[in-house]
Amino acid sequence: MTSFVKIVGGFAIVAVIAASAVPFVARADDKDAIDYRENIMKSLDAQTADLGMIVSTQIPDDNLVAHTKALAILAKQAQKSFESKIPGGDAKPELWANYADFQKRMDDFVAKTADMAASAEKGGMPVVMEKMVPALTCKGCHDLYRVKK
Ligand code: HEC
């Protein structure tokens with residue numbers, strides 16, 4: 001057992017983590033894992049919308065680099081959030097059947113968003129406009145592995 005105490009803004013958060021990972025067994029845990037990855041996807045959606053507003057000059061580009069960084073971080077979070085391999089939500093059974101392909105797509109998404117963030121820092125708007133569409137591979141993955149609404 002490892003325990004650690006973290007003080008955040010005056011509140012003490014005590015977390016006890018079992019050294020040996022307990023596999024997901026209970027339904028509530030499964031639901032948490034699905035809620036978690038769906039929340040990350042919603043954050044990706046919001047960040048993509050914000051970046052869209054910037055490149056279409058609806059709003060100033062002050063946060064351009066920060067949004068590309070947020071997308072790169074969220075892509076990594078998304079990748080991790082599927083590693084528990086909990087079926088359900090709007091993830092199609094094909095996702096788990098073709099998990100290696102899904103992982104490859106996640107790797108590609110992580111690499112391209114990281115590259116866009118690094119380039120944005122140096123090249124600003126022109127490189128983001130060039131790299132955005134190839135980096136945001138959302139639809140390609142959804143078409144294969146997400147249940148259509
Ligand atoms: C490699 C695959 C993959 C990539 C890349 C990907 N997604 Fe997803 N996305 C999924 C899967 C699978 C689900 C269904 C997850 C579930 O319901 O458990 C999903 C669900 C969603 C949802 C619905 C969340 C909810 O409320 O249920 C949104 C919104 C979304 N993705 C946005 C995005 C955006 C925006 C991007 C790109 C910037 C993106 N996704 C990239 C696979 C992907």
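In this report, Ala, Val, Leu, Ile, Met, Phe, Trp, Tyr, Cys and Pro count as nonpolar residues, Asp, Glu, Lys and Arg count as charged, and the others, Gly among them, count as polar. Sorted in this way, the shell of residues around the ligand divides into 13 nonpolar, five polar and seven charged residues.

The structure is a predicted model, in which local features need a pLDDT of at least 70 and side-chain atom pairs count only at pLDDT 80 or more, while totals for chains, interfaces and linings use all residues. Residues are numbered from 1 along each chain as its sequence is written, and side-chain values use heavy atoms, with hydrogens and water left out.

## The chain

The secondary structure of the chain comes to five helices and two strands, where helices (H or I, at least four residues) and strands (E, at least two residues) are DSSP runs numbered from the N terminus. Read along the sequence, these elements follow the pattern β-β-α-α-α-α-α. Of the 149 residues of the chain, 27% count as buried; buried means a relative accessible area under 20%, exposed means over 50%, and partly exposed lies in between, with a 1.4 Å probe and protein chains only.

## The shell around the ligand

Which residues come nearest to the ligand? Of the 25 residues around the ligand, Glu 38, Met 41, Cys 138, Cys 141 and His 142 come nearest, and a residue is near a molecule or strand if one of its heavy atoms lies within 4 Å of it. Helices α1 (27-55), α4 (99-135) and α5 (138-145) each supply at least two residues of this shell, and the largest share, eight residues, comes from α1.

| Residue | Part of the residue | Distance to an oxygen atom of the ligand |
|---|---|---|
| Arg 37 | N or O atom in the side chain | 2.7 Å |
| Glu 38 | polar side-chain atom | 2.4 Å |
| Asp 90 | polar backbone atom | 2.7 Å |

## The largest pocket

Rolling a probe the size of a water molecule over the atoms shows where empty space is left. Here the search uses a 1 Å grid over the protein atoms alone: a cavity is a set of points where a 1.4 Å probe fits but cannot get out, whereas a pocket is an open set with protein on both sides within 12 Å along at least five of seven lines, and lining residues have an atom within 4 Å of a point.

The space taken by the ligand is the largest pocket; a molecule sits in a cavity or pocket if more than half of its atoms lie within 2 Å of its grid points. The largest pocket has a volume of about 580 Å³, a volume being the space filled by probe spheres set on the grid points, which are joined across faces, edges and corners. Of the 22 residues that line the largest pocket, the closest to its centre are Arg 37, Met 41, Phe 82, His 142 and Arg 146. The elements that give two or more residues to this lining are α1, α4 and α5, and α1 provides the largest share, seven residues. By class, the lining has eleven nonpolar, three polar and eight charged residues.

## Individual residues

Helix α4 holds Thr 113, which is buried at a relative accessible area of 0%, and a polar atom of the Thr 113 side chain lies 2.8 Å from the backbone oxygen of Phe 109. Val 128 is likewise placed in helix α4 and is buried, with a relative accessible area of 0%, while its C-alpha atom is 8.2 Å from that of Thr 68, 60 residues apart along the chain.

Finally, Thr 57 is found in the loop between α1 and α2 (64-81) and has a positive phi of about 60 degrees although it is not a glycine; Thr 57 is exposed, with a relative accessible area of 62%.

Methods. Polar contact = N/O pair within 3.5 Å; in protein donor to acceptor, adjacent residues only side chain to side chain.
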